[in-house]
Amino acid sequence: MTRLERKESLIRIALLVVAFSAVSVLVVITVFIIEEGTPIMVKYGFKKFLFNLDWFPSEESYGLLPMVIGSIMVTFGALVIGVPFGLACAVFLTEFSSKRLRRVIKPMIELLAGIPSVVYGFMGVVILVPFIRETLGGPGLSVLASSIILGIMILPTIISISVDSLEAVPPAYREGSIALGATRWQTTRMVMFPAARSGIIASIILGMGRAIGETMAVIMIAGNAIAIPRSLLDPVRTLTSNIALEMAYASGEHRQALFATGVILFVIIMILNTIANVTSKRRKA
Amino acid sequence: MTIAVLFFIIFFILKKGLPVLSFKFLTTNPGEMGKTGGIFSTIIGTIALTVTAVLIAAPLGIGSAIYLTEYTRENWVTRVIRFGAECLAGIPSIIFGLFGFILFVTKLKFGWSILSGSLTLAFMILPTLIRTSEEAIRAVPYVYREVSYSLGSTKWQTVTKVVLPSAMPGIVTGIILSVGRSIGETASVIFTAGSALRLPTSIFSSSRTMSVHFYILAREGISMSNAYGTAAILILAILAVNLVTYAIMHRFMRKYC
């Protein structure tokens, strides 16, 4: 083997090692979070941990149910607001707008994705929360406020992935449908949507993941009370804000319980990611 | 509608924040927990954290992309790598924060520091870097490589002398996007870099970034006007990042597409 060849094969190996960096980071994160979070779950009892209503760390009572329900409500609310708007926007961009308009709007949507979540939270605090308090009553810091802000925050994810999958539908499908006399809207609804379905579902699932995982914006506008909300106007605490709020001063078992909260969040996110991954794979096949 | 929301946010923050901005606001350190003074130390903190994170993540990201595009075919290895990167991209920042806290801050005893914060951020931006670099490298026409091989160069020479220079604008775009993400990141940074207001002196000192500062100011109601000012700087930074990305991308696209 010449020197040059040896160098080449060394480089190949080095690059392979580097290429596994992302995977190894993922593995290390999984191991650390689970290692730190599971002991308390085992000790306290997994069922009790997940379904107990009381979270009083000072009295060693760790029930996550209010936060689990809080996360589910807020995420569902975000989807109710984000999905129709997002899909409408995607359809408009691919089917009803000129190429030039699309070139202007797409970077703007990316910009919307780039705005830091604290800024969204802040907008919620100074505009949306007072508005809800005055018009609908209640404390303002609520499920409703968080759902609206999260709905806006997941728009870019939903729009960009749906646009990609709508654009990936072969033009012949659309042309064929229009040639059969279908209107634009009929074509969109009966041809384009079914053809792009898996991509659209993936976009919704990824948006869902983003809504569940969002922390800073939610802390600022959800009110963070540890109770199952009775209406949309009640304050709520999510899994993520539970971690972020108490991490600063938690120690010992309390801290472990927060890591356990992280484990639950992590598992939910991984399930969602895998589903999104599988659905979008199927589209390519 | 979406665009309206965007304009509303930008307009609102800038309208309230721009009057607060002044040369003095940018160049004095915060006083009384941020009630008075400016945001100088948080700007430095943000820059230090972001630059370190990119320095750590860029070689890893670009290396991975080179391997995926130039050195292998699609097989189970690339599938595992891609799946890993995609999952990593979907993990919420609070989980990164927990992980960074347990590994860097406590286990490795880096404490709340720029080092811990930037390592955590580096992991967060890695998937973006891999994806954008990969796309950029794939966009380089295959002929370029063939010509280089026909001149007798090795694979590595081809990669460094031909492929990477042509893919550079695309790679830079990815780096700038990650810079944008790092600037806006709060949840993970607050647990790993801490929130000290002093001017950081080394990568082992704790530092507060602009977004953390903004969060604390707004949440604890310390000073609304300073919060607006910080938010305006954040928004301006993100705007600038996006504009530059767009400009570079545009030029890149025109060259190859």
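Colleague: How far apart are the end C-alpha atoms of helix α7 (residues 143-167) of chain A?

Modeller: This is a predicted model: local features need pLDDT of at least 70, side-chain atom pairs count only at pLDDT 80 or more, and totals for chains, interfaces and linings use all residues. Residues are numbered from 1 along each chain as its sequence is written, chains are lettered from A and ligands numbered from 1 in the order in which they are written, and side-chain values use heavy atoms, leaving out hydrogens and water. Helices (H or I, at least four residues) and strands (E, at least two) are DSSP runs, numbered from the N terminus. At 1.5 Å a residue (times one less than the number of residues), the 25 residues of α7(A) should span 36 Å, which agrees with the end-to-end separation of 35 Å.

Colleague: Where in α7(A) does a kink lie?

Modeller: The bend is the angle between axes fitted to the seven residues ending at a residue and the seven starting there. In α7(A) the kink is about 35 degrees. It comes shortly before the proline P156(A), at I154(A).

Colleague: How many residues of α7(A) are buried?

Modeller: Buried means under 20% relative accessible area, exposed over 50%, partly exposed in between (1.4 Å probe, protein chains only). α7(A) is mostly covered. Of its 25 residues, the buried ones number 19.

Colleague: What orientation do α5(A) and α7(A) have to each other?

Modeller: Axes are lines fitted to C-alpha atoms, for helices over the stretch in contact, with angles from 0 to 180 degrees between N-to-C directions. The axes of α5(A) (residues 99-114) and α7(A) come within 9 Å and cross at roughly 140 degrees. Under 35 degrees is roughly parallel, over 145 roughly antiparallel, 65 to 115 roughly perpendicular, and the rest oblique. α5(A) and α7(A) are therefore oblique.

Colleague: Which residues of α7(A) make the contact with α5(A)?

Modeller: Contact means heavy atoms within 4.5 Å. α5(A) contributes R102(A), K106(A), I109(A), L112(A) and A113(A). From α7(A) come P156(A), I159(A), V163(A), D164(A) and E167(A).

Colleague: Is S142(A) buried or exposed?

Modeller: S142(A) sits in the loop between α6 (117-135) and α7 of chain A. Beyond neighbours within four places in sequence, its contacts are I132(A), I221(A), A222(A), L232(A), L233(A), D234(A) and P235(A). Its relative accessibility is 0%, so S142(A) counts as buried.

Colleague: What percentage of the residues in chain A is buried?

Modeller: Chain A holds 13 helices and two strands. Its C-alpha trace spans about 75 × 70 × 30 Å along the principal axes. Of the 285 residues in chain A, the buried share is 52%.

Colleague: How many residues of helix α10 (residues 210-219) of chain B are buried?

Modeller: The buried residues of α10(B) include M210(B), H213(B), F214(B) and Y215(B). The helix is largely enclosed by the rest of the structure, because of its ten residues the buried ones number nine.

Colleague: How does G37(B) count by relative accessibility?

Modeller: G37(B) is found in strand β2 (residues 36-37) of chain B. Beyond neighbours within four places in sequence, G37(B) touches F25(B), T28(B), N29(B), P30(B), G31(B) and N226(B). At 37% relative accessibility, G37(B) counts as partly exposed.

Colleague: What is the relative accessible area of K109(B)?

Modeller: K109(B) lies in the loop between α5 (93-107) and α6 (114-139) of chain B. Its phi is positive, near 60 degrees, in a residue other than glycine. K109(B) is exposed, with a relative accessible area of 68%.
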